[in-house]
Amino acid sequence: MRRALLAGVALFVLIVAVVLIRTFNFTPEAPSTVELITHEPDPDVLAQHMSEAIRFKTISTQRPSSSDPEQFEQFIAWFETTYPEVHAAMTRELLGHTILLRWPGTDPNAQPVLLTSHYDVVPVIPGTESLWKEPPYSGNIVDGYVWGRGALDDKSGVIAIAEASTLLLKKGFTPKQTVYLSFGHDEEVSGREGAGAVAALLKERGVQLEWSLDEGSFVLDGLIPGLDKPVASINVAEKGYTTLQLIAKAAGGHSSVPPGRTAVGDLAEAIVKLQNSPLPGGLEGVSEEMYDALSRHMSFAQRMAFANRWLFSGLVESTISRIPAGNASLRTTIAPTMLSASIKENVLPIRAVATINFRLHPRDTVESLMEHVRNAIENDAIEINLVSGNEASNVADTSSPSFAAMKQTVVEIFGDVIVAPGLTVAATDSRHYALVADNAYRFHPVVVGPEDIASFHGTNERISVDNLVRATNFYAQLLINVNE
Ligand SMILES: [Zn+2]
């Protein structure tokens with residue numbers, strides 16, 4: 001008995017020792033001492049160009065026929081006169097209203113690269129215009145901010161890439177690799193005719209990019225609980241977008257003599273069962289790399305848990321899963337969004353339909369998802385219809401020279417921030433570009449806080465002039481860094 005007790009105590013002490021040693025060794029990379037680099041873009045010119053760009057109502061609506069093509073044409077003309085150096089040095093093609101520029105590199109054998117962003121914007125919800133502190137298409141410059149729809153998503157990308165290219169051209173810089181610049185016109189409505197057409201054209205010409213860089217994440221400031229430093233999240237994959245319908249059928253009839261359960265009841269049960277059967281999630285692949293990088297900067301308890309996943313993985317995963325954004329980073333999510341059934345309150349439904357939107361984690365496929373749903377609802381009488389099914393993207397390589405160059409550039413422009421790979425949970429144009437790129441990265445080089453995040457597709461979207469300066473510096477420095 002005494003011996004067993006002693007053995008138990010010894011084992012406990014050993015486990016505690018291992019846990020502590022692993023925790024103390026689980027430390028962040030040393031903070032960077034690199035000096036900040038600036039290419040000295042003129043903040044006033046940047047703000048002015050941003051302001052002008054916002055004033056074009058290049059709005060993507062769900063029905064393309066209700067967009068205003070003239071606004072897009074005027075934007076293209078404005079872009080050409082505003083960036084003469086870019087248009088003199090590069091050849092331009094228009095694919096619909098998407099602008100594709102080719103900046104020839106000096107080495108014909110080097111793989112080309114792509115910088116991209118989109119200049120279409122989502123509409124302002126009718127009735128919310130008066131909630132804006134500055135009118136949504138004014139481009140007003142107030143207290144160091146340029147206001148309006150598209151300021152963050154994603155006209156600032158267009159402006160920063162064009163300004164950075166102009167700065168480099170004025171310095172006489174020529175890239176070794178051919179650089180493509182692509183500015184999409186329909187990202188907010190699938191990107192098929194813009195980015196999709198660009199990817200198809202490059203493929204047809206036999207162009208395979210070494211890497212592409214698009215929107216998809218930011219330098220996140222005050223957005224990740226437990227971290228006091230900003231996090232530059234360079235996203236290496238994006239989730240797939242899949243919509244299914246669950247359809248329950250029944251005989252119908254008068255609601256005064258209903259069966260034990262109507263089609264609505266069957267459907268409701270299926271939805272509840274599905275919501276109670278989350279898809280498997282877990283800390284592996286890109287999710288693991290991301291949390292590994294972040295948790296090194298967290299509190300002792302959090303570091304201890306992450307450093308000892310051999311012991312605490314269940315606890316870590318369930319803790320992350322409790323927060324919706326954390327859950328979305330670990331697994332395919334399930335969101336029932338629409339319901340329909342009978343046409344009248346006293347008519348039994350012959351069909352009840354639920355629309356469910358899923359965001360596919362890279363570990364799942366549309367096929368494996370449908371299998372999961374079938375098993376979860378345990379009712380073969382419920383029909384499962386695939387409305388749309390986009391797989392998750394490939395996962396870009398975080399050990400590539402291009403990822404290292406991006407990391408290096410982040411540190412040179414943003415200073416002491418945490419750089420971590422991440423997963424984009426929404427859809428971007430990169431799902432198209434990834435088809436012709438060895439590595440598709442998603443990172444818009446601006447600093448955003450909680451207020452900025454709320455303004456995406458919402459009210460009071462704006463960008464600081466400081467952010468425009470940093471983004472311009474980032475793109476210029478990135479092209480220099482990858483050239484070396
Ligand atoms: Zn966007």
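**Strand pairing, helix packing and a nonpolar surface patch**

Strand β9 (residues 231–238) and strand β16 run parallel and are joined by seven bridges. In this predicted model, β16 spans residues 418–424. Within the pair, Ser 233 stands opposite Ala 420 of β16. Strand β16 is mostly covered, with seven of its seven residues buried. Its side chains divide between two directions: Ile 418, Ala 420, Gly 422 and Thr 424 point one way, whereas Val 419, Pro 421 and Leu 423 point the other way. Residues of both sets are buried. Ala 420, which lies opposite Ser 233, belongs to the set that includes Ile 418, Gly 422 and Thr 424.

A separate description applies to an open sheet of three strands, in which the order is β4-β5-β19 and the pairing is antiparallel. Strands β4 (141–142) and β19 (462–464) stand at the edges; each has a single partner strand, so one side of each is left without a neighbour in the sheet. Strand β5 comprises residues 145–147 and is joined to β4 by two bridges, the two strands running antiparallel. Ile 141 has Val 146 of β5 as its bridge partner. Two helices pack on this sheet. Helix α2 (residues 43–55) touches β4, β5 and β19, and its direction makes about 10° with that of β5. Helix α16 (residues 465–483) touches β5 and β19, with its direction at about 70° to that of β19.

On the surface, a nonpolar patch is formed by Leu 5, Val 9, Phe 12, Val 13, Val 16, Leu 20, Phe 24 and Phe 300. Together these residues have about 750 Å² of accessible area. Helix α1 (residues 2–25) gives the most to the patch, contributing seven residues. An α-helix has 3.6 residues a turn, so residues three or four places apart point the same way. Phe 12 is located in helix α1. The relative accessible area of Phe 12 is 57%, and this residue is therefore classed as exposed, the cut-off being over 50%.

Phe 300, also a member of the patch, falls within helix α9 (residues 300–307). In α9, the residues Arg 303, Ala 305, Phe 306 and Ala 307 are buried.

How values were computed:
Residues numbered from 1 in each chain as written. Predicted model: local features only at pLDDT ≥ 70, side-chain atom pairs only at ≥ 80, totals over all residues. Heavy atoms only, no water. Pairing = 2+ DSSP bridges. Helix = DSSP H or I, 4+ residues; strand = E, 2+ residues; numbered from the N terminus. Contact = heavy atoms within 4.5 Å. Axes fitted to C-alpha atoms, helices over the stretch in contact; angles between N-to-C directions. Patch = residues over 30% accessible without salt bridge, like charges linked within 9 Å, V, L, I, M, F, W, Y side chains within 5 Å. Areas by Shrake-Rupley, 256 points an atom, 1.4 Å probe, with all protein chains shown as cover. Salt bridge = Lys/Arg side-chain N within 4 Å of Asp/Glu carboxyl O. Buried < 20%, exposed > 50% of the residue type's maximum accessible area, 1.4 Å probe, protein only.
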